Amino acid sequence: MTEEKQSRPVWWTRQYLEPYSLSGEECWQIINSPPWYCVIAWVTKNCEPVACASAYAVLDGKVMLSSTANRDKVSAFRRNPAVSLCFEAKGMKQVTARGKIEISSDTQLVRRWVGEHMATFDRPMTEQERELAVQRYMSPDRVVLIAHIDRLRSFDGGKMFRAENEEHS
């Protein structure tokens with residue numbers, strides 16, 4: 001064991017997380033992999049944080065989610081487009097993306113999003129079932145929330161635990 005590692009207190013790895021970050025490529029690998037759900041967060045007009053789980057798809061290299069215009073999150077993003085998205089992967093890996101939301105009501109984009117989302121379903125569907133599912137999404141006020149990501153933060157918990165075991169064994 002190196003002298004530096006020997007002199008670190010036992011809590012060091014849980015306070016200084018920078019060595020346990022993922023590369024940008026690793027972050028995008030997580031974002032571009034199932035499960036196709038993340039946590040999306042926004043702020044209310046009173047600056048109160050709100051978050052919910054949401055399905056997403058990656059189209060044209062951008063994370064896109066869908067909602068209807070009457071939802072609180074869409075009203076919130078019209079006031080303040082700031083967004084935070086959190087993605088999880090096996091091995092205690094996590095990516096948090098921050099950026100701005102652009103709201104699109106483009107019907108073709110909505111239909112592309114629906115098709116991409118439905119491709120992630122784990123069950124076979126007949127053509128009739130698939131068309132009914134598409135129609136359930138295609139309400140007149142359906143929108144796509146396009147996340148323009150400015151910053152990624154990440155954490156690899158497995159890497160941190162391995163470092164702890166190596167340093168204090």
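Hi everyone, let's start at M92, which sits in the loop between β4 and β5. Here, helices (H or I, at least four residues) and strands (E, at least two) are DSSP runs, numbered from the N terminus. What we have is a predicted model, where local features need pLDDT of at least 70 and side-chain atom pairs count only at pLDDT 80 or more, while totals for chains, interfaces and linings use all residues. Residues are numbered from 1 along each chain as its sequence is written, and side-chain values use heavy atoms, with hydrogens and water left out.

Back to M92: its phi is near 60°, a positive value in a residue other than glycine. M92 is partly exposed, with a relative accessible area of 49%. With a 1.4 Å probe and protein chains only, buried means under 20% relative accessible area, exposed means over 50%, and partly exposed is in between.

What do the strands on either side of that loop do? β4 and β5 form a hairpin with three residues between them, and they pair in the antiparallel sense over eight bridges. We say that two strands pair if DSSP finds at least two bridges between them.

Now the whole fold. In what order do the strands close into a barrel? Six of them do it, in the order β1-β2-β3-β6-β5-β4, and the pairing is antiparallel. From one strand to the next, the twist averages 40°. Angles run from 0 to 180 degrees between N-to-C directions, and axes are lines fitted to C-alpha atoms, for helices over the stretch in contact.

Let's follow some of the neighbours. β1 and β4 run antiparallel and are joined by three bridges, with A41 standing opposite S84 in β4. β2 and β3 pair in the antiparallel sense over four bridges, and A57 has M64 in β3 as its bridge partner. These two strands form a hairpin as well, with two residues between them, and D60 in the turn has a positive phi of about 55°.

Is β3 enclosed or open? Six of its seven residues are buried, so β3 is largely enclosed by the rest of the structure. β3 (residues 62-68) is joined to β6 (residues 142-156) by six bridges, and the two run antiparallel. There, V63 stands opposite A147 in β6.

Two helices pack on the sheet. Helix α3 (residues 24-31) touches β2, β3, β4 (82-89), β5 (93-104) and β6, and its direction makes about 135° with that of β6. Helix α4 (residues 72-79) touches β1 (37-43), β2, β3, β4, β5 and β6, and its direction makes about 55° with that of β1. Touching is contact in the sense of heavy atoms within 4.5 Å.

S54 is buried, with a relative accessible area of 9%. Not counting residues up to four places away in sequence, S54 touches W36, Y37, C38, I40 and L65.

A couple of backbone details next. P34 and P35 are joined by a cis peptide bond, with omega about 5°, and P35 is found in the loop between α3 and β1. C47, in the loop between β1 and β2, has a positive phi of about 60° although it is not a glycine. C47 is exposed, with a relative accessible area of 63%.

Last stop, the largest pocket. On a 1 Å grid over the protein atoms alone, a cavity is a set of points where a 1.4 Å probe fits but cannot get out, and a pocket is an open set with protein on both sides within 12 Å along at least five of seven lines; lining residues have an atom within 4 Å of a point. The largest pocket has a volume of about 180 Å³. Which residues line it? They are L17, E18, S21, L22, Q94, T96, R153, S154 and F155. β5 and β6 are the elements that give two or more residues to this lining, and β6 gives the most, with three.

Terms used
Points joined across faces, edges and corners; volume = space filled by probe spheres on them.
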